[in-house]
Amino acid sequence: MVFQVSAPILSLSVAALTALTLLIRPFKWPEAVWAVLAAALLTGAGAIPLLDAWAGIAKGLDVYLFLIGMMLIAELARQEGLFDWLALIATNHAKGSPFKLFTLTYLVGILVTVFMSNDATAVVLTPAVYAACQAARVKDPLPYLLICAFTANAASFVLPISNPANLVIFNGGHMPALADWLSTFALPSALAIAITFAALLWNQRAALAAETLAARVPGTSLSLTGKVAGLGLTVTAIGLITASALHVDLGWPTFAGGILTLSIVSIIKRQFPSQALEDISWSVIPLVAGLFVVVEALGTSGVLDMLAVSVSRLTEMHPQLGAPAAGVLTAIVANLVNNLPAGLVAGNIVQSIHASPALSGSILIGIDLGPNLSITGSLATILWLNALRREGIKVGFWQFLKIGTVVMFPALLAAIASLAIQNS
């Protein structure tokens, strides 16, 4: 009986400790170390049986495959010069205007997020934007790189495939038809995207005003392998849209796209591009696996059931304010524990209480848009941080939080309010 009482407390304590270590990164160890240690602690202490821990890890298979495929294609594209080639095009279209380059980058970020997911924006767009800044001889690339982080979350509920968390929250056959999805989230998404752009532009206005760009950069031709990488990205994007329409998991199509692109590049170059595999941020896989175990422990210990009851009571006591309040609360929690485990928890709650469209929609907006507050809010932002670290650029927690506070809350409140008005 003592174990039954202590299991929820242990699970919650470890989950909170995991969130804290992801936030401050003690000893500057990778985030994955702390997630794996949390999973090992929960298993070793008996808070979750070993078989349940393995079951939790197995639930992330689709996410692992998606990430591996996307990171592989992105790394091939970077090494084969696709991003450098695209960077030259973007720079020349900006015609020396920092504000034009900012706007162009934001628009591209929206397209990548909508049709390839927010994680793809972090993995694919970040190195391309950095290359564009290098080509344009930008003194401070951070305002443009911030776009990759913020658009990855702001545009992540335009379509179901725009964020894997959308599929988690609406799994089990509850995913709305595409027409219903668009009618529900079109206005909230448009507001989130527009307000995020305006707030981020306002926040970075001084840095952009002080910037000077090269008006024109001599172009270079794209190599055959670079074209193959670009084709691989395009085909993969089409595969993701098709898979979403057919309600098929996104992991295998993305993984297949990465392997196929790797194979073709290897044949053309007559050598295996091993450097691409070495440069991938493999640590993100154990990070995700560890977080899945933490969420599984919260489920087996009964914590998720208690949360579901609390959310149900909130909406019953306050029918008009319950759904918006749940959305705002979810957004804050997503930053405390990362939106991947928060999305898994939210998905369980939404399904167990048979949440109304207003409640499930508000929770989804909170999971998707809320992480724009902090650097540990979403997996996409962590991937973005990894991409920046590889280029020697560091963004601290407080530095991002100051920007995120200005950018995230207006967009979140506007998106949730518009959804509430639609459902009133």
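This is a predicted model: local features need pLDDT of at least 70, side-chain atom pairs count only at pLDDT 80 or more; totals for chains, interfaces and linings use all residues.

Reader: Why is Thr 261 called buried?
Author: Buried means under 20% relative accessible area, exposed over 50%, and partly exposed in between (1.4 Å probe, protein chains only). Thr 261 has 4% relative accessibility, so this residue counts as buried. Thr 261 is found in helix H13, residues 251-269; helices are DSSP runs of H or I with at least four residues, numbered from the N terminus.

Reader: Why is the pair of Glu 31 and Arg 389 called a salt bridge?
Author: A salt bridge is a side-chain nitrogen of Lys or Arg within 4 Å of a carboxyl oxygen of Asp or Glu. The closest N and O atoms of Glu 31 and Arg 389 are 3.2 Å apart, and the pair forms a salt bridge. Because Glu 31 lies in helix H2 (residues 31-44) and Arg 389 in helix H20 (residues 379-390), the pair ties together parts that are 358 residues apart in sequence. Glu 31 counts as buried at 5% relative accessibility, whereas Arg 389, at 30%, counts as partly exposed.

Reader: How do you know whether Glu 296 is buried or exposed, and what is the state of Lys 59?
Author: The relative accessible area of Glu 296 is 14%, so Glu 296 is buried. For Lys 59 the value is 54%, so Lys 59 is exposed. Glu 296 and Lys 59 form a salt bridge, with closest N and O atoms 2.9 Å apart.

Reader: What makes Glu 75 part of a network?
Author: Glu 75 forms a salt bridge with Arg 390, their closest N and O atoms being 2.8 Å apart. Glu 75 lies in helix H4 (residues 61-79) and Arg 390 in helix H20, so the pair joins parts 315 residues apart in sequence. Salt bridges that share partners join Glu 75, Arg 78 and Arg 390 into one network.

Key: Residues are numbered from 1 along each chain as its sequence is written. Side-chain values use heavy atoms; hydrogens and water are left out. Helices (H or I, at least four residues) and strands (E, at least two) are DSSP runs, numbered from the N terminus.
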